Amino acid sequence: MVLKGFNAEFESPVSASRMFKAGIVDAHNLAPKLIPEVVTGTIILEGDGGVGSVKRTDFTDLIPFSYVTDRVVEQDEEKFVYKYKMLEGGLLGKMYSDANYEVRFEPTSSGGCVCKMTGQYDAFNDTDFKEEEINVGKMGLTGMYKAVEAYLLANPDAYL
């Protein structure tokens, strides 16, 4: 196996608490509304949405795969950390055997936060895992959280 991955971050004027509530806790409801050109729906297959829950996200034709199924590994609402593992879909089994993600919202002194995202893949040795394939996950996560940020800026009373 060959370890591949990405790190991305951006600073937001929105608080870590609001970003976490909207972008993590309620993402299954909010994502299809905010980015319908990408996400057609998200359903919780098992659990209550917290640790151990299994979620399936379905995508439009803009994405090179139709869905992903993930298990929530960690959801810390005090430290604003979310970790999940891909179980099925995407490029799992085609280009990599394992995919793990982490999103964290670190509060800033100005009242906003820094959104930090990490994706880690165990790529098959004989796979030509190109940067653009890694960027699908990186750009997808960044786009999602930028859409959440825009929504929260436009709706200052949401997710307080």
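**Figure 1. Surface and overall form of the predicted chain.** In this predicted model, the chain exposes about 8100 Å², of which carbon and sulfur atoms supply 51%. Buried residues make up 47% of the 160 residues in the chain. The chain has three helices and seven strands, and from the N terminus on these elements follow the order β-α-α-β-β-β-β-β-β-α. The radius of gyration is 15 Å, close to the 15 Å that the globule rule gives for 160 residues, so the chain is as compact as a globular protein of that length. Along its principal axes, the C-alpha trace spans about 50 × 30 × 30 Å. Among the contacts in the chain with a separation of 6 or more, 52% are accounted for by residues 24 or more positions apart.

Figure 2. Side chains of opposite charge can pair when their charged atoms come close. A search of the whole structure finds seven salt bridges. One of them joins Glu74 to Lys83, with the closest N and O atoms 3.5 Å apart. Glu74 counts as partly exposed, at 27% relative accessibility, and Lys83 likewise counts as partly exposed, at 27%. Glu74 and Lys83 also belong to a network of salt bridges in which they are linked with Glu102 and Arg104.

Figure 3. Lys85 forms a salt bridge with Asp98, and the closest N and O atoms of the two are 2.3 Å apart. This pair links distant parts of the chain, since Lys85 lies in strand E5 (residues 81-89) and Asp98 in strand E6 (residues 96-107), 13 residues apart. Lys85 has a relative accessible area of 28% and is therefore partly exposed, whereas Asp98, with a relative accessible area of 17%, is buried; the cut-off for buried is under 20%.

Figure 4. Glu149 and Lys146 form a salt bridge in which the closest N and O atoms are 3.1 Å apart. Both residues lie in helix H3 (residues 131-154), where they are three residues apart, about one turn of the helix. Glu149 is buried, with a relative accessible area of 8%, while Lys146 counts as partly exposed, at 35% relative accessibility.

**Figure 5. The buried residues of helix H2.** In helix H2 (residues 27-34), the residues Ala27, Leu30, Ala31 and Pro32 are buried. The buried residues of H2 pack against helix H1 (16-25), strand E2 (39-46) and H3. H3 is also the helix that holds Glu149 and Lys146.

**Figure 6. The exposed loop residue Gly93.** Gly93 is found in the loop between E5 and E6, the strands that hold Lys85 and Asp98. With a relative accessible area of 55%, Gly93 is exposed, the cut-off for exposed being over 50%. Gly93 and Asp26 are 67 residues apart in sequence and, from C-alpha to C-alpha, 29 Å apart in space.

Figure 7. The phi angle of Phe80 is near 60°, a positive value in a residue other than glycine. Phe80 lies in the loop between E4 and E5 and is buried, with a relative accessible area of 14%. The phi angle of Tyr159 is near 55°, again a positive value in a residue other than glycine. Tyr159 is found in the segment after H3 and is partly exposed, with a relative accessible area of 21%.

Note on methods
Residues are numbered from 1 along each chain as its sequence is written. This is a predicted model: local features need pLDDT of at least 70, side-chain atom pairs count only at pLDDT 80 or more; totals for chains, interfaces and linings use all residues. Side-chain values use heavy atoms; hydrogens and water are left out. Helices (H or I, at least four residues) and strands (E, at least two) are DSSP runs, numbered from the N terminus. The radius of gyration is taken over C-alpha atoms; the globule rule is 2.2 Å times the number of residues to the power 0.38. Buried means under 20% relative accessible area, exposed over 50%, partly exposed in between (1.4 Å probe, protein chains only). Contact means heavy atoms within 4.5 Å. Accessible areas come from the Shrake-Rupley method with a 1.4 Å probe; for residues, only the protein chains shown count as cover. A salt bridge is a side-chain nitrogen of Lys or Arg within 4 Å of a carboxyl oxygen of Asp or Glu.
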